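Let's take a friendly walk through a protein model, going from its chains down to single residues. Keep the structure open beside you as you read.

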Protein chains: 2
Amino acid sequence: MPPLPARLTELIGQPVHAIDTPALVIDLDTMRRNLTRMADFAKKHHVLWRPHAKLHKSVELAALQIKAGAVGICVQKTSEAEIMVAGGIDNVYISNEVIAPAKLARVAALTQAVAPRGGQIAIAVDSVQGIERLALAMTQARHAAAQGKPASPATVIDVFIEIDVGQGRCGVAPGAPAVALALEIRKHPALRFAGLQAYHGGAQHFRGLPERREAIAGAVQAARTTRALIEAEGMQAGLVTGAGTGTLVLEAASGVYGELQAGSFLFMDADYAQNQRDPAQPKFEPALFIKTQVISVHAGHAVCDAGHKSHAIDSGLPVVHAFGAPSELEYFNGGDEHGILRPVAGSTRLPELGQMLWLVPGHCDPTVNLHDAMIGVSGGLRHGTVERIISVDARGALT
Amino acid sequence: MPPLPARLTELIGQPVHAIDTPALVIDLDTMRRNLTRMADFAKKHHVLWRPHAKLHKSVELAALQIKAGAVGICVQKTSEAEIMVAGGIDNVYISNEVIAPAKLARVAALTQAVAPRGGQIAIAVDSVQGIERLALAMTQARHAAAQGKPASPATVIDVFIEIDVGQGRCGVAPGAPAVALALEIRKHPALRFAGLQAYHGGAQHFRGLPERREAIAGAVQAARTTRALIEAEGMQAGLVTGAGTGTLVLEAASGVYGELQAGSFLFMDADYAQNQRDPAQPKFEPALFIKTQVISVHAGHAVCDAGHKSHAIDSGLPVVHAFGAPSELEYFNGGDEHGILRPVAGSTRLPELGQMLWLVPGHCDPTVNLHDAMIGVSGGLRHGTVERIISVDARGALT
């Protein structure tokens with residue numbers, strides 16, 4: 001990774017008001033509370049915990065999570081895995097399908113890179129072709145050893161079969177089609193069947209608790225049935241991995257899921273605050289903010305310098321943070337570079353020209369991807385100090 | 001700017017199929033046709049042409065546009081202006097309000113930086129405080145000369161008064177409030193009143209031509225009236241600057257606008273294809289694409305590796321490019337990393353696993369911001385060759 005620019009590192013030790021706008025800021029005290037609550041939750045429910053690094057895209061935060069008890073991390077892309085391994089993270093699961101032979105060669109190279117460190121790479125599959133191409137890449141990487149390259153002929157990759165448990169995106173159908181893939185994996189010595197990926201992304205954002213319960217009950221049933229069929233073939237069933245921040249309580253209590261992939265709990269998207277709260281869910285609070293400044297004030301509205309180039313709007317617009325009080329301002333989309341602020345019903349109060357405001361992004365993962373670094377503040381957003389600059393190492397890692 | 005990574009520069013001279021996915025690709029032949037058509041249009045209508053670099057964020061493309069006849073470029077942010085000036089672009093207009101004193105000091109420093117090169121910086125204002133703070137920053141930069149720093153006490157900044165012509169975002173009301181700001185600018189020797197910014201962003205996307213005509217007629221009237229009032233104060237009226245790709249024909253024909261800021265014509269967003277076409281508009285064609293690959297195929301849908309981390313979706317989802325034929329596939333949002341493809345009505349045909357597809361982004365400006373570089377192909381997307389890698393120099397330039 002290139003070094004962080006001086007304009008950012010010079011902020012360390014400065015008060016919050018020294019942060020230029022717009023900027024991506026972590027409330028570190030809150031983030032650390034979220035982390036402890038997640039670690040405690042996983043321990044209490046006897047489930048493994050492998051947070052999705054697509055949230056923070058940061059080697060430093062991945063290492064922090066592993067130190068807190070996570071067994072490793074998930075990523076979505078080969079290039080994200082490469083960045084995490086280069087940063088010293090040894091246990092990386094690419095929870096997504098990879099099809100291009102050139103990418104699979106890179107995945108296989110990662111398995112060789114982490115093996116001497118005692119690490120392990122895992123990947124998801126949902127097709128026979130995907131398995132065959134992966135096996136070929138693994139075999140070729142093993143043969144590199146015979147050509148004098150540093151490679152181990154015993155290196156294996158863990159392979160999870162992704163089953164579609166209601167998301168309607170990737171994943172083979174539960175039951176017999178998944179069993180067929182497990183049998184296919186068994187044919188290849190460099191592949192180790194590791195279990196099932198059963199992630200229901202859509203259910204994370206179902207507003208009502210009953211709807212989330214029904215969706216995850218279906219996912220649990222699909223995973224349980226498929227697991228039993230695989231065991232009936234004489235295979236070790238492996239882990240069932242999945243779950244996000246919106247539903248993790250349900251998967252943890254299922255007795256079927258052995259590993260939780262939830263990542264967003266660390267920062268908590270504004271979107272999750274719209275969900276009917278599950279009383280069993282740990283208290284996760286917003287820890288990621290956009291600091292913004294008012295640059296124009298008019299009758300009835302003001303304009304700030306944070307538009308959707310500063311924060312993602314795929315899961316709704318950001319919310320104006322009011323430090324626990326009801327917000328007096330609503331944020332409206334003003335384009336790439338502007339946000340429009342209007343008083344909420346019952347209020348007429350507008351911010352002043354030059355005033356600083358804090359926004360809670362609707363969706364943290366793609367928001368983080370818009371920034372080179374996150375500015376970590378301890379002591380609170382109002383009177384705190386910049387403690388550290390956290391690099392978004394995997395920003396723009398698309399391939 | 002950091003050097004481009006080898007994985008990109010090694011592509012030069014390679015065929016299109018060597019480009020890993022997802023990737024941002026420019027069809028250079030089409031882009032160059034769009035550029036020539038815009039240059040010819042401006043010449044024919046006797047208007048200046050200052051394209052908005054918020055589209056491409058690239059020094060190389062800014063220089064290409066200036067070589068083709070543009071008088072300079074627009075940017076939205078101080079940091080974008082800094083990157084363009086560092087790259088050798090001397091004529092830069094920050095078409096947005098800047099309020100933070102620290103940022104205004106950087107703007108003033110830019111005026112000093114380009115002055116020896118014969119360049120000129122301009123900025124927009126919409127408040128008395130904005131003018132006063134800008135004047136203070138300019139005075140302080142001029143005084144740097146007295147302290148032995150390389151600075152000229154004669155350096156001025158061009159100041160455009162932004163009037164709100166219907167966008168409802170920044171901008172003072174047309175008429176007397178704008179005149180008051182012009183008189184305010186006149187008080188400060190380091191500020192030179194340059195004219196009016198009268199940009200109607202919303203009108204760019206009005207689907208019907210009558211609606212666009214009505215909106216721009218209102219903008220023209222507001223600019224004309226305000227200009228006359230300023231002239232009545234004995235001031236030079238300066239330029240009226242504005243217009244986007246959706247309406248530029250109307251501003252060019254107005255007799256009031258002297259400068260067009262349109263930028264998107266170079267790449268043409270999919271969103272603009274939804275507008276009822278103005279017969280007087282030059283033929284601009286899509287030149288920016290996301291190359292993507294199918295990673296999962298199911299009954300009724302396929303999944304590709306380009307989600308909204310690869311392209312912005314604020315102005316609608318991307319369109320599957322069909323090389324002039326009607327597209328047989330519709331793109332649905334599959335999250336940050338996935339796109340879901342379904343056959344259009346009347347078709348059942350799905351792409352194959354591993355198949356390459358091309359997407360036309362809904363909105364190019366924030367799409368470009370998601371990428372470090374644009375891969376420039378000549379000879380067409382099907383059989384062409386990578387000619388050059390164009391750095392997105394101002395990617396993530398937020399402040």
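## Where the chains meet

The contact takes in 44 residues from chain B and 44 residues from chain A. On the side of chain B that touches chain A, the elements that give two or more residues are strand 10 and helix 10 (364–368) of chain B. Strand 10 of chain B gives the most to that side, with 3 residues. Sorted by class, the side of chain B that touches chain A has 14 nonpolar, 18 polar and 12 charged residues. Please remember throughout that this is a predicted model.

## The nonpolar core

Now look at the inside. Nonpolar side chains tend to be buried together in soluble globular proteins. The largest nonpolar core here has 265 residues, and A:Met84, A:Ile123, B:Met84 and B:Ile123 touch the most other members. What does B:Ile123 touch, leaving aside residues up to four places away in sequence? Its partners are B:Ile94, B:Val98, B:Val107, B:Leu134, B:Ile157 and B:Val159.

## Helices side by side

Two helix pairs are worth a visit. In chain A, the axes of helix 4 (residues 78–86) and helix 5 (residues 101–114) come within 10 Å and cross at roughly 20 degrees. An angle under 35 degrees counts as roughly parallel, so helix 4 of chain A is roughly parallel to helix 5 of chain A. Helix 4 of chain A passes helix 5 of chain A in a left-handed crossing. On the side of helix 4 of chain A, the contact is made by A:Thr78, A:Ala81, A:Glu82 and A:Val85. Helix 5 of chain A brings A:Lys103, A:Arg106, A:Val107, A:Leu110, A:Ala113 and A:Val114. The residues of this contact between helix 4 and helix 5 of chain A divide into 6 nonpolar, 1 polar and 3 charged.

In chain B, helix 5 (residues 101–114) and helix 6 pack at an angle of about 50 degrees, with their axes 8 Å apart. Helix 5 of chain B and helix 6 of chain B are therefore oblique to each other. Helix 5 of chain B passes helix 6 of chain B in a right-handed crossing. Among the residues making the contact are B:Leu104, B:Val107 and B:Ala108 of helix 5 of chain B, and B:Leu134, B:Ala137 and B:Met138 of helix 6 of chain B. By class, the contact of helix 5 with helix 6 of chain B has 10 nonpolar, 3 polar and 1 charged residues.

Which residues of helix 7 (residues 176–186) of chain B are buried? They are B:Ala178, B:Val179, B:Leu181, B:Ala182, B:Glu184 and B:Ile185. What covers these buried residues of helix 7 of chain B includes strand 5 (120–125), helix 6 (128–143), strand 6 (157–162), strand 7 (191–197) and helix 8 (209–232) of chain B.

B:Glu132 lies in helix 6 of chain B. With 14 C-beta neighbours inside 10 Å, B:Glu132 counts as partly exposed. Another residue described as partly exposed is A:Glu60, with 16 other C-beta atoms within 10 Å. A:Glu60 has its place in helix 3 (residues 59–67) of chain A. Leaving out residues up to four places away in sequence, A:Glu60 touches A:Ile390 and A:Ser391.

The table gives two pairs of residues with their separations.

| Pair | Separation along the chain | Distance between C-alpha atoms |
|---|---|---|
| A:Glu60 and A:Ile390 | 330 residues | 7.0 Å |
| B:Glu132 and B:Glu184 | 52 residues | 8.5 Å |

Most residues other than glycine have a negative phi, and most peptide bonds are trans. Let's look at some exceptions.

A cis peptide bond joins A:Thr21 and A:Pro22, with omega about -15 degrees. A:Pro22 lies in the loop between helix 1 (6–9) and strand 1 (23–27) of chain A. In chain B, a cis peptide bond joins B:Thr21 and B:Pro22, where omega is about -10 degrees. B:Pro22 is found in the loop between helix 1 (6–9) and strand 1 (23–27) of chain B.

A:Phe323 is not a glycine, yet it has a positive phi of about 55 degrees. A:Phe323 sits in the loop between strand 12 (319–320) and strand 13 (329–333) of chain A. Phi of B:Met268 is also positive, near 60 degrees. The place of B:Met268 is in the loop between strand 9 (259–260) and strand 10 (288–298) of chain B.

Are these residues buried or exposed? A:Phe323 is exposed, because 9 other C-beta atoms lie within 10 Å. B:Met268 is buried, because 22 other C-beta atoms lie within 10 Å.

Note on methods
Residues are numbered from 1 along each chain as its sequence is written. Chains are lettered from A and ligands numbered from 1 in the order in which they are written. This is a predicted model: local features need pLDDT of at least 70, side-chain atom pairs count only at pLDDT 80 or more; totals for chains, interfaces and linings use all residues. Axes are lines fitted to C-alpha atoms, for helices over the stretch in contact, and angles run from 0 to 180 degrees between N-to-C directions. Helices (H or I, at least four residues) and strands (E, at least two) are DSSP runs, numbered from the N terminus. Angles under 35 degrees count as roughly parallel, over 145 as roughly antiparallel, 65 to 115 as roughly perpendicular and the rest as oblique. A crossing is left-handed if the near helix is turned anticlockwise from the far one by less than a right angle, and right-handed if clockwise. Two residues are in contact if their C-beta atoms, placed from the backbone, lie within 7 Å. Ala, Val, Leu, Ile, Met, Phe, Trp, Tyr, Cys and Pro count as nonpolar, Asp, Glu, Lys and Arg as charged, and the others, Gly among them, as polar. A nonpolar core is a set of buried Ala, Val, Leu, Ile, Met, Phe, Trp, Tyr and Cys residues joined through C-beta atoms within 7 Å. A residue is buried if 20 or more other C-beta atoms lie within 10 Å of its own, exposed if 12 or fewer, and partly exposed in between; C-beta atoms are placed from the backbone.
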